[in-house]
Every structure is written in structure tokens, then in C-alpha cells.
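Here is a two-chain model to question.

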Amino acid sequence: MSAKVEEFVKEYLKLSGSEAREEGKCLLVRLKGEPGRARAITFSGEEAERRGCELVAVGSPFFRLVAEDARRRGAAFASFPKADPAAALARIPCANCKLELAGAEETRRRALVAHYLFTVSTTKRSQKMVEVAVSDSGEEAPWLYSPGLRPADEEPRELGKEEARLMLERSFQILEEKVGEELRELSLETERLLSEAVDRVQSYYAQLRDEAVNQAEYARSQALNAKGKGEAFPGAGYEEAEKLLAEYDRLEALDVERERSRYQVKAEAALAGALLLSYSSFKCRALLRNLEGSASREVVLSLLPNGELEKPLSCEACKMPVGEIHLCSSGHVVGEECVAKKTPEGELCALCAGQREGPDGIQGKRL
Amino acid sequence: MPSGDGLPRAFPKVGFSDPYGIAESLLEGRFYPVAWLGLCLKSYELLNEAGAWGLVSGAFLGSRIAIMPHQVSAVLKVRDGMEGRALLADEVGLGKTIEACMIYSEYALMGLASKVLILTPPALTRQWQDELRTKFLEEFTVASPRDPEFKGYDKHEKMIISMDTAKRPGAMEKICRTRWDLLIVDEAHRLKNSRTQNYKLVKAISSRYLLLLTATPLQNNLVELYNLVDLVRPGLLGSRLEFESRFLADSRGRKVANRPALQDLLSRVMVRTTRKETNLPFTERFSKTLRIQPKRSERELYEAVTEYVRSRYLALPRARRERPAADVFLLITLQRQLASSTPAISKALRRRMEKAGPGESGEIAKLLRLAEASGEDSKCRAVKELVESTPGKILIFTTFLETQEYVRASLENSGTGVACYSGAMGEEERQKSLAAFREGAKVLVCTEAGSEGMNLQFCNVVVNYDLPWNPLRVEQRIGRVHRLGQEKDVYIFNLTMRGTIEDYILELLYEKIRLFQLTIGDLELILGDEVRKIEPRIFRSFMEKGARGAKRAIERMGLDLARKRDLAEAVKKRNEAVLEGMRLSPLGGGGGE
């Protein structure tokens with residue numbers, strides 16, 4: 001843990017342009033924001049004890065100081081380098097055909113990656129960071145989650161404030177969808193615990209009431225006995241019990257209310273970081289030609305900065321994403337599952353086979 | 001942040017927050033390099049990774065305080081298994097205060113405790129404040145209407161308040177109206193009786209988490225334990241009658257029936273570790289008093305200054321003497337400076353002379369001449385001999401800075417390596433001094449003001465160069481070295497001048513309660529709130545009735561405290577007897593949820 005804290009603090013010092021000089025296991029630091037103050041810090045508990053340096057660990061004042069500062073700087077703007085359409089298309093796996101670029105149209109797009117610190121608390125607390133990537137079309141952009149992506153800092157040419165606002169709102173909606181199930185389960189569990197706690201409180205007060213009533217009954221019988229014998233009996237026990245009953249009602253309501261407030265599920269998403277992205281998307285026209293030269297087909301593909309397709313090509317027969325492209329001799333684009341189906345005419349692609357078997361059966365071409 | 005799609009929800013709505021203004025930065029186009037975003041996210045990641053011992057605050061606290069395994073286990077048990085509501089009932093000296101502060105730290109770092117109230121006996125409010133400040137670096141406000149820093153009972157997020165203050169009208173409503181995240185009640189055995197105002201106060205305060213601290217959850221009777229548990233989790237032990245019929249084996253409530261069933265229930269809300277379970281070394285204390293015969297010049301100075309103080313005191317209106325005001329405390333300080341050292345009293349007299357009228361300044365000048373003529377203090381000579389003849393590191397306490405400086409210079413002149421430590425020094429300077437003491441200097445001369453939070457277990461000799469009149473202060477001094485983690489027996493040397501008030505206090509008060517032989521933490525059990533009145537009471541009798549009167553008054557106090565000590569001893573034994581064999585220590589993996 002201390003190694004991670006050290007790495008974090010050193011990175012902070014570098015980024016903030018603060019002065020730092022190592023002296024043994026201590027670091028002599030002058031923060032950019034406090035030029036007049038020198039600090040001797042260390043990440044080793046022993047060293048702190050031995051040399052009287054300020055220990056930096058999670059929760060320590062220095063850690064809090066730099067963490068707070070870093071947290072205020074969690075909004076960034078960056079862009080992705082443009083993908084090379086020809087090279088990207090060449091990487092798409094084709095089984096019996098070739099994919100050639102026939103033209104590409106560039107569009108500038110925006111996306112937002114919002115980081116939410118999602119906290120759920122009842123009597124305990126759980127916390128996790130939830131990342132939500134959303135494109136300017138308002139859809140979740142899963143490609144932005146891939147860890148290999150390295151956007152570069154860029155000055156925004158235009159802010160697109162409204163667009164950014166909409167993406168932020170959308171990201172929050174997506175977050176709610178993502179955590180919905182977890183929250184539902186937690187709510188059920190909390191309701192169960194609350195019900196147990198309320199039962200405990202209620203049966204406790206029920207018991208107390210029973211005891212108070214018994215006491216009252218006893219006092220009443222004593223009073224009646226005394227009256228029968230012509231003796232004076234103060235009857236204070238009865239009044240006392242009545243007072244107690246009223247008090248128990250009040251206390252029970254108070255305790256139940258307290259239990260309810262303790263077993264409340266509170267969910268909060270704190271916006272911890274936001275990366276506004278600018279990138280180029282290419283709408284590529286591509287020509288698919290099978291290796292025999294018997295069929296060709298033009299397709300339009302939308303290419304993302306990571307060289308992947310925004311939406312994968314789907315099989316024209318089963319509509320599922322295609323892993324490896326097959327082009328049948330009739331010009332159908334199909335995936336591995338639908339590539340061959342046995343028919344009396346031989347093996348046909350699923351679509352051709354279907355057309356062959358249909359009421360207006362046409363002559364299917366062999367693969 | 002709009003989040004609604006208008007659909008009914010089967011689960012709670014997620015609230016949106018933007019504590020660091022990220023949305024604003026984004027929409028206003030205030031951007032930082034991507035590397036900052038990475039660092040920003042890293043800061044959260046680090047907080048969410050449990051540190052040492054599974055505690056979020058572990059690494060940080062581990063470096064500031066010597067955390068014991070039983071304390072870590074207790075914190076984890078309360079945090080994870082008791083939903084933050086517990087009775088912390090470790091035996092004395094095992095660090096319940098630290099445990100409570102650690103639990104607070106955990107919740108604070110997790111963002112679950114921002115509104116925190118600590119209820120303590122009046123004598124302990126500042127001690128809690130110091131403990132939190134020096135060990136946990138947390139600033140709490142002590143609720144004191146006379147303190148200009150204090151803004152109001154419902155105006156502070158983190159507040160320490162004495163039970164007495166909290167019960168005052170005006171305070172109580174505000175405290176009870178506030179919804180606290182965490183309430184800590186120290187010396188919770190004061191809540192043993194459910195009919196008392198103390199009990200009703202705690203019952204009326206709303207808090208998500210509740211920690212009751214006491215080493216003796218039952219004073220006389222098991223019902224007292226019932227009352228405490230009923231605050232932590234109402235109904236857990238059923239109604240009182242139910243509890244009595246189920247768990248009391250005798251009418252006095254001192255014997256338990258159905259022990260396993262009670263243990264099972266208690267283990268859900270109570271943590272109690274005994275010394276035996278910790279396997280920690282608990283060393284002994286030995287004390288020796290060096291009663292020094294004053295030189296003639298010293299006796300003359302003592303008598304003359306005492307007479308001066310007495311004349312000033314008797315000149316005060318009776319009402320001011322009875323309810324001691326600031327001027328009485330100034331005179332008490334003067335009397336204590338006299339007993340501390342010649343430089344301390346000289347400086348105080350010179351300061352008085354600056355403000356004195358012509359008649360009084362003549363009187364003070366005479367006293368100053370006596371001070372100048374008195375030569376080297378006999379106590380100083382004695383301390384030099386003591387230092388020379390004692391092996392190992394020595395911690396010398398003085399009350400006043402002038403005395404500290406005087407002792408330092410004298411010891412250095414005789415060739416002893418000395419470091420100093422006081423509240424007047426900056427943090428860096430203090431740390432350097434401590435390092436110097438640890439690594440080389442034989443002696444650390446220390447004032448009480450700066451001594452809170454020091455861990456000096458490597459030293460086992462304490463010298464009281466002058467003696468506080470309040471036993472709690474003496475205990476705090478000794479506590480710097482005689483604490484958890486001390487592996488050697490501790491030797492305490494007390495220096496007093498024969499015939500002085502300190503001499504009587506030592507003989508008639510401290511020796512009567514066997515102050516220097518107490519176990520860590522015992523004194524808290526013995527001393528009630530009366531402890532605050534000890535100083536003015538001693539002073540008043542000394543001033544009004546002379547040395548004999550003072551001796552009688554001190555003796556009475558000693559007898560009273562000795563009785564309390566016996567009582568505390570009996571209560572301790574009763575708790576041991578009733579709770580013996582119950583597996584409530586988190587170390588033993590006793591029951592629980």
C-alpha cells in the first residue's frame with residue numbers, strides 16, 4: 001500500500017510542478033501552492049518515527065491535501081489519433097473474400113467517459129468507481145472501455161457545451177441502469193434487516209406493555225380488595241402503569257423511527273472525473289470480392305479510432321455479428337454459422353438455401 | 001442532475017453529487033491534462049483499498065500510535081459485525097479511547113461520520129481533545145460557552161461535551177435535535193441507572209453509530225449492564241423483567257443464570273478484552289520520593305513568597321475566594337512556581353512587579369532579592385546526582401518553562417546530554433528533540449503542555465522535578481512511559497522540599513491512594529469529577545488555615561480518594577466475576593453475528 005501511495009504522491013509532485021528532493025528515505029518537498037513552506041515527508045512508518053518526518057499514508061493530512069487537489073482536476077479533454085481506414089479494413093478477417101477500401105468520409109465526433117464514485121450506504125457502506133462511456137448519439141460506447149486506448153491531450157476547438165451536458169445526463173442514466181439490480185438486491189436485504197429490527201423493538205415494547213398492564217391489573221385488584229375491607233389504597237401503581245403505557249408508545253415510535261433511519265439505503269453517485277473526447281469516425285465504403293471473382297458487394301462500415309467497427313458487420317442470414325466474413329456466390333454476406341447448409345443442390349449459404357426452399361424458389365448458387 | 005424517466009422504482013433513487021466541481025469544469029471548458037484525471041481516479045482507488053490490518057486508516061494510524069492486535073480486532077468487529085453500535089468494555093489500560101477513535105477514523109475516512117459527538121465526564125473533555133488532535137490529527141471543539149471558539153451546541157460538526165454541560169437547558173434540546181452520525185460516551189458506567197438524567201440524555205440523542213466506553217459495565221448489579229445494552233440495541237435483552245427472570249441468579253443481581261445465552265446476546269453488542277487475553281506485558285511501577293531539606297535561604301524565600309501570596313489572597317472578596325476566579329488561579333500558579341524553581345518564581349515576580357503599584361513593588365523587590373540570594377536550588381543539585389547515578393534514559397517533568405530551561409542548563413553544564421520538549425516548540429522542533437532523545441541524549445526535560453501524544457516506551461525512568469497538585473496530571477506524566485508496549489518496570493522519582501505544600505500532597509494524598517503503584521487506567525475509575533476542585537480546595541485551606549489546616553484538608557481528601565479506590569477495586573472484581581468466562585474478546589473469536 002505504501003508503495004502505491006508513494007507512486008501517487010510522486011506523480012502528483014511531478015504534475016503539479018512542485019519541488020521535491022530525496023534525502024535517504026525522506027522527501028523534502030515544497031508544494032507549488034505553498035512556496036514558503038518546506039516539508040519533510042516519508043512513506044515509511046519507521047522513518048517517520050526515527051527522523052520525525054511527516055508520514056504520508058492514506059488518511060494522513062498530506063495525503064488528504066494532495067488527493068483533494070488532484071480531485072479538483074478531474075476534467076480533461078483529449079482526442080484520439082485518426083485511424084487509417086485502409087489498414088483497419090485489412091485487419092478485418094475475411095474467409096473467402098477480400099475487402100477493399102472504395103472511399104472514406106470523415107466525421108468529427110464527441111464522446112464522454114464519466115467516472116462516478118458510486119456509494120451505497122445503509123449501516124455499512126460500499127463504494128466503487130463506475131465508468132460510463134457515452135457517445136454523442138447518446139448510446140453507450142463500449143469501445144471506450146478498452147484499456148489499450150490512449151487519447152492525447154488536446155485543446156478543445158469548440159466546447160459543444162450543450163452536447164457535453166446531454167452526454168453527462170445520459171451517462172448518469174446509464175449509470176442508474178448499471179447499478180439498478182445491485183440496488184434492488186441491497187434494498188431487499190435492508191428491508192429484511194429493518195423488519196427484524198422493527199420486530200425486535202415492537203416485541204420489546206409489547207412485552208413492556210404487557211408488564212405494565214399486569215402491574216395495573218394487580219394495582220386495581222389491590223385497590224378493590226382494600227376498598228372491600230374499607231381500607232385506604234392510594235392506587236398509585238395503576239396511574240403509574242398508565243403513564244408508562246403512554247411513555248412506551250412514545251418511545252416505541254421513536255425507536256422504530258430510529259431503526260428506519262438507520263436501515264435506509266442511500267445511493268449516491270459523485271462525479272469523480274470526466275473525459276471529453278474528440279475523435280474521427282470514418283464512414284468507409286468497402287468492396288467485398290470473393291476470391292473466385294464470382295461475386296462482389298459494396299458495404300458501408302463505420303470505423304472507430306481504435307480501428308474497430310462501430311457496429312460489426314452482421315450476417316445477412318441470422319443477423320448476428322460476423323466474426324469472419326464469407327461472401328457467397330450470390331453476393332450474400334454471411335458468418336461462419338450460416339456459411340453452408342446442405343441442400344439437394346449441394347452446399348448453399350443459409351440465405352440461398354432459404355430462398356431455394358421458399359415458395360418462389362429460385363435457383364441457388366453454390367458457395 | 002436529472003435522472004428521472006418517470007418510471008416507478010423498486011429501488012432507491014441514485015443521488016447525484018459533484019463535490020469537486022467536475023461537471024462545472026466540463027461545461028465551462030476548464031480542462032486539465034489527461035494525466036491529472038488518472039491521478040484523480042487513483043486517489044479514490046487508494047482510499048478504497050484497505051490498508052494495514054484491513055483498516056482503511058491502518059497505515060496512517062499505525063505510524064502515529066502503537067496499535068495493539070486486540071484494538072484492531074475490536075475495531076473490525078464493531079465496524080463489520082456490530083453495525084457500529086457497541087459497548088466497548090475492555091479492562092482498564094487496554095486503550096478503549098484509542099479503539100473508539102480508530103472506529104471514528106474508519107467511519108470518517110469512509111465518509112460515514114461527519115457529525116460526531118463525544119460525551120465525557122467534565123475532567124476528560126480536554127484529554128479527549130488532545131488525544132484526537134495529537135494522535136489522530138482531528139480537530140474537535142470542546143463545547144464550552146465561555147470559549148470564544150465555541151459557536152453553539154448545534155454549530156459544530158465534531159464536538160466534545162461534558163455530560164453536565166450537555167444536560168443544561170438550551171444545550172440538551174439542540175443536541176437532541178441534531179442527527180449525529182456517531183455518538184461516543186466515555187465512562188458509560190455513569191449511565192447505569194435508567195432513571196437518571198445522564199441516561200435519559202443519551203437515550204434522547206439520535207445517532208447512527210453509538211459507542212459506549214466503560215471498563216466496568218456493571219457497578220453493583222447486572223441490571224446496569226442491561227441498561228447499557230438497551231441503549232445500544234433496545235430490546236436485544238428483552239424487557240427488564242424478562243431479563244431479570246432469565247439471567248439473574250440472585251436477587252442482588254450479582255450472579256448470572258443462563259450464562260451461555262447471555263454471552264451469545266452480549267457478544268452481538270459488546271467487546272471486552274481482558275489483560276490476560278492480550279498476552280501483553282504489563283509492567284510494575286516503583287516510586288521513590290526524595291524529600292530535600294531546604295537551605296536556610298530557600299526556606300526564607302518560600303515563607304516570604306507564601307506570605308505575600310496569602311496577603312493577596314486574603315485581600316480578595318470572600319465570594320471570589322469561594323468560587324475561585326482568575327485571580328485566585330494566578331495566585332495558585334505563583335505558589336506552584338515557588339515550589340518549582342527559583343528562576344520560575346523570579347520571572348513570575350518580575351512580571352508582577354511591572355504591573356504593581358509603588359507599595360507592592362517594594363514588597364516584590366524584597367522577594368526578588370531573596371530569590372537572587374538563594375543560590376543554586378537544592379532540588380537541582382539532587383537531580384544532577386540522580387541523573388549521574390541512574391543508568392538509561394530519564395524523562396524529567398517540570399511544570400514551567402523557566403524551570404525546564406534551568407534544569408537543562410544545569411545538567412548540560414555538568415556534562416549530561418539533554419533534549420527539551422515543550423508546548424512552546426513547533427512540531428518540527430519537537431520531533432527533532434524526540435529524535436535526539438531517542439538517539440543520543442540521556443535526559444529529556446519536558447513540560448506537561450507538550451507531553452500529550454508522546455510515545456516514550458523506550459525510557460522507563462520518570463522524574464517529577466516539581467509535583468502537580470492534581471493526581472490526574474501526575475498520572476498523565478507517568479503515562480508517557482508506563483503504557484501499553486512498555487517492557488520494563490517503571491521507576492518514578494519525586495522531588496519535593498520538606499515543609500512545602502507539595503510535600504504534604506505527596507505524603508497525605510498521593511501515597512494514600514497509592515498513586516504511584518496504580519495500574520494503567522485505574523485512576524480514571526477512582527477519580528470522579530471532584531478532581532477539578534482539588535487544586536482550589538488545597539490552596540484555600542493553605543491560605544486560610546496555614547500549613548496545619550492544609551495538611552488536615554489534604555488528609556481528608558486522601559482518605560476520601562482512598563475510599564474511592566477501594567470501591568473501584570471492588571467494582572473491578574465484581575465485573576471480573578460476572579463476566580469471567582464469557583467469550584467477548586474479538587481476539588478469542590467469541591460469538592457475534
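Q: How far apart are the mean positions of the positive and negative charges of chain B?
A: The structure is a predicted model. In chain B the mean positions of the 92 positive and 77 negative charges are 5 Å apart. Lys and Arg count as positive here, Asp and Glu as negative.

Q: And what does chain A show for its positive and negative side chains?
A: Chain A has 54 positive and 63 negative side chains. The centres of those two sets lie 4 Å apart.

Q: What makes the radius of gyration of chain B agree with that of a compact globule?
A: Chain B has 593 residues, and a compact globule of that length would have a radius near 25 Å. Chain B has 27 Å, so the value agrees. Its C-alpha atoms fill a box of roughly 90 × 75 × 50 Å along the principal axes.

Q: What radius of gyration does chain A have, and what would a compact globule of 367 residues have?
A: The globule would have a radius near 21 Å, but chain A has 36 Å. Along the principal axes, the C-alpha trace of chain A spans about 120 × 80 × 40 Å.

Q: How many helices and strands does chain B have?
A: Chain B has 25 helices and 14 strands. Chain A comes to seven helices and 14 strands.

Q: What share of each chain counts as buried?
A: The cut-off is under 20% relative accessible area. By that rule, 59% of the 593 residues of chain B are buried. In chain A, 44% of the 367 residues are.

Q: How do you know how much area is buried between chain A and chain B?
A: The size of an interface is often given as the accessible area lost when the parts come together. Between chain A and chain B about 7500 Å² is buried, and carbon and sulfur atoms give 63% of it. On the chain A side, A:R71, A:Y204 and A:R262 lose the most area to chain B, together 10% of what that side buries. The contact takes 87 residues from chain A and 77 residues from chain B.

Q: Why is A:K319 called exposed?
A: Exposed means over 50% relative accessible area. A:K319 has 58%, so it is exposed. It sits in the loop between β10 (296–303) and β11 (326–327) of chain A.

Q: Which loop holds B:E83, and is it buried or exposed?
A: B:E83 lies between α4 (69–81) and β2 (85–88) of chain B. Its relative accessible area is 10%, so it is buried. B:E83 also has a positive phi, about 55 degrees, although it is not a glycine.

Q: Why does B:T141 count as buried?
A: The limit is under 20%. B:T141 is at 18% relative accessibility, so it counts as buried. B:T141 is placed in strand β4 (residues 141–142) of chain B.

Q: Which residues is B:T141 in contact with, leaving aside neighbours within four places in sequence?
A: The partners are B:Q129, B:F150, B:H156, B:K158, B:M159 and B:I160. As for B:K151, it is 10 residues from B:T141 in sequence and 9.4 Å away in space, C-alpha to C-alpha.

Q: What makes helix α22 of chain B mostly covered?
A: Eight of the nine residues in α22 (471–479) are buried. Among them are B:L472, B:V474 and B:I478, and also B:E475 and B:R477.

How values were computed: Residues numbered from 1 in each chain as written. Chains lettered and ligands numbered in written order. Predicted model: local features only at pLDDT ≥ 70, side-chain atom pairs only at ≥ 80, totals over all residues. Heavy atoms only, no water. Helix = DSSP H or I, 4+ residues; strand = E, 2+ residues; numbered from the N terminus. Rg over C-alpha atoms; globule rule 2.2 N^0.38 Å. Buried < 20%, exposed > 50% of the residue type's maximum accessible area, 1.4 Å probe, protein only. Charge placed at Lys NZ, Arg CZ, Asp CG, Glu CD. Contact = heavy atoms within 4.5 Å. Buried area = accessible area lost by both parts, 1.4 Å probe.
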